[in-house]
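Morning, everyone. Please look at the structure on the screen, and I will walk you through it.

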Amino acid sequence: MDKPVRIALIPGDGVGGEVMAEVLPCLEWVKSRGRRLQSLTLPYGADHCLATGETLPEAAFAELRDGCDAILFGAVGDPRLPGGQHAEAILLGLRQGLDLTVNFRPCHAWVSSGQPPFDLEVFRENTEGPYCLQGSTEPGRAVDLAIHTESAVRRLLQTAFQRAEQLGRPLTLAHKANVLKHGHGLWMRVFDSLKPLHPRVSARGMHADALLCALVQDPSPFGVIAADNYLGDLISDLCAAFIGGMGVAPSLSWAPHRPFRCSALAEPVHGSAPDIAGKGLANPVGMFLSTALLFRHLGWEPEAGALEAAVSEALALGARTRDLGGTLSTQAMGTAIRDQLPL
Ligand code: NAD
Ligand code: IPM
Ligand code: MN
């Protein structure tokens, strides 16, 4: 018999816990279909930090890294901790500590949008660039270092090339190599070195500023977009706007080179949304779709597909939270989606 998959649940702050609560029954649902799964819930977030002073303790990180297969994550960020150190330690600590190089942010038209429907995928490097958090504030000047390593860039771009090949869609690298000669120069060199290995992929680099303008004017020529950590963050929120906003965009981060047992983290693209937290207004769709991405990563394709189909079906039947122009609460939207799951 297969060993059970061990998944850590970190609801985090604000709407993170509200959207996480809606997908918990989906974990029971996969078990009822014979999947072997154990979950453990971890308290890390603002409340825990304010109560104990802990962000992500070393022992907890080691247990996640070596004792779990994957993490399902809500969101972090809390106005009571405006410096965001706990969020940085937890979220960036996990992304970087687990070496989760690839952040996959698919943007499909789950809610009806333009014609043809918006359909592209963003591959964002997830551990480097300015997120290395090295810098200084000095009298009269401030420095944020951006570090790019050839190994991480290659892993991210290889994954994006393979995906573009699989989909038969073009690949665009977003960069600013005209200014960031060192960092994005490296991205261009690695990108160029991979092109001959993927002759069927129509691959080109574009200055990120021009890319954003072209994307808003006509997204249809784009298929897969690869970008560094910083540009990928911005591009993925812009793309979320095309498919219904922050509440519906999912993501999965993983480590293609599998350095540790824990090799993936699924989380919606949105944050803790303090403006709507505690009011039952959060849209759980991004969290459901992230859970589907995690199921697919674990090899549970039928369950991943069924979960995505349940989201589609609920939306097609008119289920909508307030951000999508409807009146359903987070809980009612969760129920509407789960009602579409097969037994
Ligand atoms: P945000 O994504 O939390 O919110 C941006 C806007 O989107 C807000 O108007 C919010 O109400 C709306 N929104 C977000 N999620 C929604 C949902 N599920 N349903 C409906 N509407 C939703 O971004 P922000 O306001 O820039 O950041 C708030 C906090 O979250 C900050 O502390 C930030 O650092 C943090 N953050 C965390 C993550 C994460 O944990 N992965 C991601 C982004 C931001
Ligand atoms: C995201 C968020 C994070 C990021 C923040 C909260 C550090 O915006 O997951 O996109 O910039 O990566
Ligand atoms: Mn972001």
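Start at ligand 2, with Arg 105. A polar side-chain atom of Arg 105 sits 3.0 Å from an oxygen atom of ligand 2. Keep in mind that this is a predicted model. Arg 95 also reaches in. One of its polar side-chain atoms lies 2.6 Å from an oxygen atom of this ligand. Then look at Tyr 131. There, a polar side-chain atom is 2.5 Å from an oxygen atom of ligand 2. How much of the accessible area of ligand 2 does the protein cover? On its own, ligand 2 has 320 Å² of accessible area, and the protein covers 68% of that.

Ligand 2 is surrounded by Arg 95, Arg 105, Arg 124, Tyr 131 and Asp 233. What classes do we find in this shell? It divides into 4 charged residues, 1 nonpolar and no polar. A polar side-chain atom of Tyr 131 still lies 2.5 Å from a ligand 2 oxygen.

On to ligand 1. This one has 18 residues around it. Which come nearest? They are Val 76, Gly 271, Ala 273, Asp 275 and Asn 283. By class, the shell holds 9 nonpolar, 6 polar and 3 charged residues.

Gly 271 uses its backbone. A backbone N or O atom of Gly 271 is 2.7 Å from an oxygen atom of ligand 1. Ala 273 uses its backbone too, with a polar atom 2.8 Å from an oxygen atom of the ligand. As for cover, ligand 1 taken alone exposes 800 Å², and the protein buries 64% of that.

Stay with Ala 273 for a moment. Where is it in the chain? Ala 273 is found in the loop between β12 and α9, and α9 spans residues 285–297. Its phi is positive, about 40 degrees, although Ala 273 is not a glycine. Why point that out? Most residues other than glycine have a negative phi. Is Ala 273 buried, exposed or partly exposed? Partly exposed, because its relative accessible area is 22%, and the buried class stops under 20%.

Arg 258 is another case. Its phi is positive as well, about 45 degrees, and it is not a glycine either. Arg 258 sits in the loop between β11 and β12, where β12 covers residues 264–268. Its relative accessibility is 51%, so Arg 258 counts as exposed. The cut-off for exposed is over 50%.

Next, strand β10, residues 224–227. Which residues cover each side? Val 224 and Ala 226 are on one side, Ile 225 and Ala 227 on the other, and all are buried.

β10 has partners. Strand β5, residues 119–125, pairs with β10 in the parallel sense over 4 bridges. In that pair, Val 122 stands opposite Ile 225. Strand β8, residues 171–175, is also parallel to β10, over 3 bridges. Here Thr 172 stands opposite Ile 225.

Now some buried positions. Ser 253 lies in strand β11, residues 250–254. It counts as buried because its relative accessible area is 0%. Which side chain does Ser 253 contact? Asn 103, through a polar contact of 3.1 Å between the two side chains.

Leu 91 is in helix α4, residues 85–97. Its relative accessible area is 14%, so Leu 91 is buried. Ala 319 is in the loop between α10 and α11, that is, between 301–316 and 330–338. Ala 319 is buried too, because its relative accessibility is 9%.

Last, the wider view. An unreviewed UniProt entry annotates residues 6–337 as "domain: Isopropylmalate dehydrogenase-like". How much of that stretch is helix, and how much strand? Over residues 6–337 the chain is 42% helix and 19% strand. The end C-alpha atoms of the stretch are 25 Å apart. That's my tour.

Conventions: Residues numbered from 1 in each chain as written. Chains lettered and ligands numbered in written order. Predicted model: local features only at pLDDT ≥ 70, side-chain atom pairs only at ≥ 80, totals over all residues. Heavy atoms only, no water. Near = heavy atom within 4 Å. Polar contact = N/O pair within 3.5 Å; in protein donor to acceptor, adjacent residues only side chain to side chain. Areas by Shrake-Rupley, 256 points an atom, 1.4 Å probe, with all protein chains shown as cover. Nonpolar A, V, L, I, M, F, W, Y, C, P; charged D, E, K, R; others polar. UniProt positions renumbered as here; feature names shortened; annotations may be inferred. Helix = DSSP H or I, 4+ residues; strand = E, 2+ residues; numbered from the N terminus. Buried < 20%, exposed > 50% of the residue type's maximum accessible area, 1.4 Å probe, protein only. Pairing = 2+ DSSP bridges.
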